[in-house]
Amino acid sequence: MKVNKLIRAFAGTYSLINQTETINGLPSNNTNVMWGTGAIGLITYTADGYMAATLATNDPSLLPKNVTSPPQAGQTDEDWALVGRHTLSYAGHWSINETFPSDKHSGQILHGPLTVANIPTWIGNIQRRDYTVIYNRGKIDYLKFVIAGRNGLRIEILWKKVA
């Protein structure tokens, strides 16, 4: 599949279904550290090469009840730090990595260079995601990312196309 056609097929919004992590093939506790009992999220790709991703915990024990925007008197830095520790947001350009073996079912997507991120070291950088696409009636239905990290870390993230 040509890159431009694949980019048009990817365009849309996806809802987070599941994220799992393993280290050397064994279940990891890292997901629980970041997301607690679960996460919610959306990722959007435009056909003209922009993307945005937002993920957050949906674990009530990690969601301070008194945090509002804009911040109000009486809200502690600790509560705001808890919110920041359990969210991930970033946006910028995206593209298909044309130097990575790919077809209409799998390849590598590049998020970046990122123009905004709640993790400062991500700004200006590129996040690589190996992907697998699951089609339904000729259209993308699910998107699975695989991220290989250091020390045997493997993260799999499943997204469902919702728009």
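In which strand is the place of tyrosine 131? Tyrosine 131 has its place in strand S7, and the views below show this residue along with other parts of a predicted model.

**View 1. The whole protein, with its secondary structure.** The predicted model holds 3 helices and 9 strands. Along the sequence these elements run in the order α-β-β-α-β-β-α-β-β-β-β-β. Along the principal axes, the C-alpha atoms occupy a box of roughly 55 × 35 × 30 Å.

**View 2. Surface and contacts of the protein.** The accessible surface amounts to about 9,500 Å², and carbon and sulfur atoms contribute 56% of that surface. Of the 163 residues, 38% are buried. Among contacts with a separation of 6 or more, 52% join residues 24 or more positions apart.

**View 3. The largest pocket and its lining.** The volume of the largest pocket is about 610 Å³. Its lining consists of 25 residues, and the closest to the pocket centre are Glu21, Leu88, Trp122, Ile147 and Ile155. Two or more lining residues come from each of strand S1 (12–23), helix H2 (30–35), strand S4 (50–57), strand S5 (87–96), strand S7 (127–136), strand S8 (139–148) and strand S9 (153–161). By residue class, the lining has 16 nonpolar, 6 polar and 3 charged members.

View 4. Glycine 41 belongs to strand S3, which spans residues 39–45. Its relative accessible area is 12%, so glycine 41 is buried, the cut-off for buried being under 20%. Leaving aside residues up to four places away in sequence, glycine 41 touches Tyr14, Ser15, Leu16, Thr54, Leu55 and Trp159. One of these contacts, tyrosine 14, lies 27 residues from glycine 41 along the chain, and the two C-alpha atoms are 8.3 Å apart.

**View 5. Tyrosine 131 in strand S7.** Strand S7 (127–136) is one of the elements that give two or more residues to the lining of the largest pocket. Tyrosine 131, placed in this strand, has a relative accessibility of 2% and therefore counts as buried. Glu21 is among the residues closest to the centre of the largest pocket.

Notes: Residues numbered from 1 in each chain as written. Predicted model: local features only at pLDDT ≥ 70, side-chain atom pairs only at ≥ 80, totals over all residues. Heavy atoms only, no water. 1 Å grid on protein atoms, 1.4 Å probe; cavity = no way out; pocket = protein on both sides within 12 Å on 5 of 7 lines; lining within 4 Å. Points joined across faces, edges and corners; volume = space filled by probe spheres on them. Helix = DSSP H or I, 4+ residues; strand = E, 2+ residues; numbered from the N terminus. Nonpolar A, V, L, I, M, F, W, Y, C, P; charged D, E, K, R; others polar. Buried < 20%, exposed > 50% of the residue type's maximum accessible area, 1.4 Å probe, protein only. Contact = heavy atoms within 4.5 Å. Areas by Shrake-Rupley, 256 points an atom, 1.4 Å probe, with all protein chains shown as cover.
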